[in-house]
Amino acid sequence: MEKIVALCKRRGFIFPSSEIYGGVGSTYDYGHYGVLLKSNVKNEWWRAMLQERDDIVAIDSAILQHPRVWEASGHLAGFTDPLVDCKTCGQRFRADHLADLPCGRKPSKHPGETDECDLTEARDFNLMFETTIGPVKESGATAYLRPETAQGIFINFKNVLQFSRKQPPFESAQVSKSFRNEITPGNFIFRTREFEQMEMEFFVPPAEAQKWFEHWLAERERWYVELGIRPEMLRLRAHDADELSHYSSGTSDVEYLFPIGWSELEGIANRGNFDLTQHAQFSGQKLEYFDQASGERYVPHVIEPAAGADRATLAFLVDAYDEEVVEREGTGSGEMRTVLRLHPRLAPVKAAILPLVNKDGQPELAREVHEALRASVQSEYDDGGAIGKRYRRHDEIGTPFCLTIDHQSTEDRTVTLRDRDSLEQERLPIEGLAEEIVRRVHAPWKTPKQL
Ligand code: ATP
């Protein structure tokens with residue numbers, strides 16, 4: 001994890017927020033390549049949900065919602081984590097995570113394991129951030145920064161049903177920010193207080209709930225594998241009965257083998273009709289579906305695949321990070337290279353255009369190639385430093401194709417394409433190059449990284 005954090009900082013993917021003021025702890029800012037990478041993750045999710053299916057519609061609900069939403073959903077009363085304080089070291093811990101956390105004074109031990117540890121009884125701590133709507137705090141209305149995007153989908157059930165002209169099974173999907181005042185955030189962007197979720201609520205006739213639950217388990221695992229995650233690093237884990245949320249009749253997590261061990265990447269829950277029933281009761285509105293063909297009226301059940309965009313980005317980074325010894329260009333001696341073996345569809349930059357020297361018409365031709373490519377893919381013109389150094393830089397940000405413009409290019413209008421993974425080089429004509437890069441970016445891809 002430390003190597004990934006260092007690479008993310010060095011190459012401008014992700015860095016601690018408010019650093020010049022000393023940071024605020026477990027909040028991060030995304031730099032240029034981080035923005036491109038996370039956008040690609042979210043776009044791939046949208047592609048799988050919207051472009052490749054007919055039964056899902058998009059929604060983007062407000063972060064600030066009516067406070068009653070959180071009463072109905074159960075968050076106000078029950079979105080809590082058990083918290084313990086240590087009177088000796090002054091730190092706070094999640095009572096249910098003690099076995100995974102380091103003691104405040106002796107990090108090789110867990111809280112409560114040393115004689116000096118003095119833990120309080122566990123008490124419930126609500127994870128929602130509170131704020132005030134209106135100019136005067138005292139008389140304004142209390143509101144909450146949403147802790148999940150799901151409720152914004154449930155409260156729009158009627159709107160979506162009307163405008164989408166769909167009938168169950170259909171789904172609303174949303175990608176947006178959520179906020180949780182986590183007691184123990186950490187492990188880089190794995191657990192932060194502000195994060196982005198990619199959630200969908202699949203509304204189904206009650207009798208079909210189990211079938212669709214199983215469908216989404218398989219489908220969501222497939223999505224990660226198609227985008228290059230090694231299947232051995234993924235597993236589905238069903239929640240035990242005592243782990244299940246109050247609304248859930250079945251939940252399975254897609255877990256990834258992070259450097260911190262197997263951990264949740266995405267949760268897939270069979271939420272029954274809990275949410276729509278609750279909101280119907282609290283709002284006084286009918287939230288049900290009338291099937292004109294059968295004359296049946298029912299409250300749809302909900303299958304919810306809920307993923308985190310930041311956590312998924314971290315998993316893709318971890319799975320892509322690789323180190324290998326390669327021959328240093330032209331010397332025959334070996335050197336270590338760090339490479340991000342990202343699926344080309346996820347890579348922040350698809351092609352780097354590199355003039356070998358900054359003269360003899362090479363920069364001009366390289367610019368021409370860059371202009372031709374950038375209409376179709378994210379390409380980058382890079383003329384800074386020795387060619388070997390530029391290759392290393394693009395290896396570290398995961399650029400799958402480096403296109404070098406050399407003396408021969410100005411004579412026969414060809415470029416050298418260097419493949420990030422195999423390091424093979426081939427000559428390709430400039431004519432039709434953009435189409436060829438697009439074709440390669442979208443071709444099926446499997447990581448050469450060993451377990
Ligand atoms: P955890 O058990 O890790 O706290 P959760 O079960 O509470 O997660 P859900 O409410 O199911 O999480 O949220 C769906 C997804 O949102 C998670 O699988 C994860 O990818 C992401 N997520 C949840 N909390 C955070 C967080 N604090 N930071 C980053 N991502 C998060």
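Predicted model: local features only at pLDDT ≥ 70, side-chain atom pairs only at ≥ 80, totals over all residues.
Colleague: Is the crossing of α2 and α7 right-handed or left-handed?

Modeller: The crossing in which α2 passes α7 is right-handed.

Colleague: Which residues of α2 and α7 meet there?

Modeller: On the α2 side they are Val-41, Glu-44, Trp-45, Ala-48 and Met-49, and on the α7 side they are Trp-216, Arg-220 and Trp-223. By class, this contact of α2 with α7 has 6 nonpolar and 2 charged residues, and no polar ones.

Colleague: And α2 with α9: at what angle do those axes cross?

Modeller: The axes of α2 and α9 cross at roughly 110° and come within 10 Å. That makes α2 roughly perpendicular to α9.

Colleague: Which residues make the contact of α2 and α9?

Modeller: From α2, the contact is made by Leu-37, Lys-38, Val-41 and Lys-42. From α9, it is made by Ala-309, Asp-310, Ala-312, Thr-313, Phe-316 and Leu-317. These residues divide into 6 nonpolar, 1 polar and 3 charged.

Colleague: What does Phe-13 touch?

Modeller: Leaving out residues up to four places away in sequence, Phe-13 touches Leu-7, Cys-8, Asp-29, Tyr-30, Gly-31, Tyr-33, Gly-34, Leu-37, Leu-340, Pro-348, Glu-396 and Ile-397.

Colleague: Stepping back, how many helices and strands does the chain have?

Modeller: The protein chain has 13 helices and 23 strands. Its C-alpha atoms fill a box of roughly 75 × 70 × 50 Å along the principal axes. Buried residues make up 52% of the 451 residues.

Colleague: What share of the contacts join residues at least 24 apart?

Modeller: The share is 65%, taken among contacts between residues at least 6 apart in sequence.

Colleague: Now the loops. Where is Ser-333?

Modeller: Ser-333 lies in the loop between β17 (321-327) and β18 (334-340). Its relative accessibility is 35%, so Ser-333 counts as partly exposed. Apart from residues up to four places away in sequence, Ser-333 touches Val-326, Glu-327 and Arg-328. From Ser-39 it is 294 residues away in sequence and 38 Å away in space, C-alpha to C-alpha.

Colleague: And His-239, where is that found?

Modeller: His-239 is in the loop between β11 (234-238) and β12 (250-258). Not counting residues up to four places away in sequence, it touches Leu-244, Thr-251, Ser-252 and Asp-253. The C-alpha atoms of His-239 and Thr-416 are separated by 51 Å, and the two residues are 177 apart along the chain.

Colleague: Next, the backbone. Which residues does a cis peptide bond join?

Modeller: It joins Pro-168 and Pro-169, with omega about 0°. Pro-169 is in the loop between α6 (157-164) and β9 (170-179).

Colleague: What is the phi of Ser-26?

Modeller: Ser-26 has a positive phi of about 55°, although it is not a glycine. It is found in the loop between β1 (14-16) and β2 (28-30).

Colleague: Is Ser-26 buried or exposed?

Modeller: Ser-26 is buried, because its relative accessible area is 19% and the cut-off for buried is under 20%.

Colleague: What about the phi of Arg-413?

Modeller: Arg-413, which is not a glycine either, has a positive phi of about 50°. Arg-413 sits in the loop between α12 (407-412) and β22 (414-419). With 29% relative accessibility, Arg-413 counts as partly exposed.

Note on methods:
Residues numbered from 1 in each chain as written. Heavy atoms only, no water. Left-handed = near helix turned anticlockwise from the far one by under 90°. Helix = DSSP H or I, 4+ residues; strand = E, 2+ residues; numbered from the N terminus. Contact = heavy atoms within 4.5 Å. Nonpolar A, V, L, I, M, F, W, Y, C, P; charged D, E, K, R; others polar. Axes fitted to C-alpha atoms, helices over the stretch in contact; angles between N-to-C directions. Parallel < 35°, antiparallel > 145°, perpendicular 65-115°, else oblique. Buried < 20%, exposed > 50% of the residue type's maximum accessible area, 1.4 Å probe, protein only.
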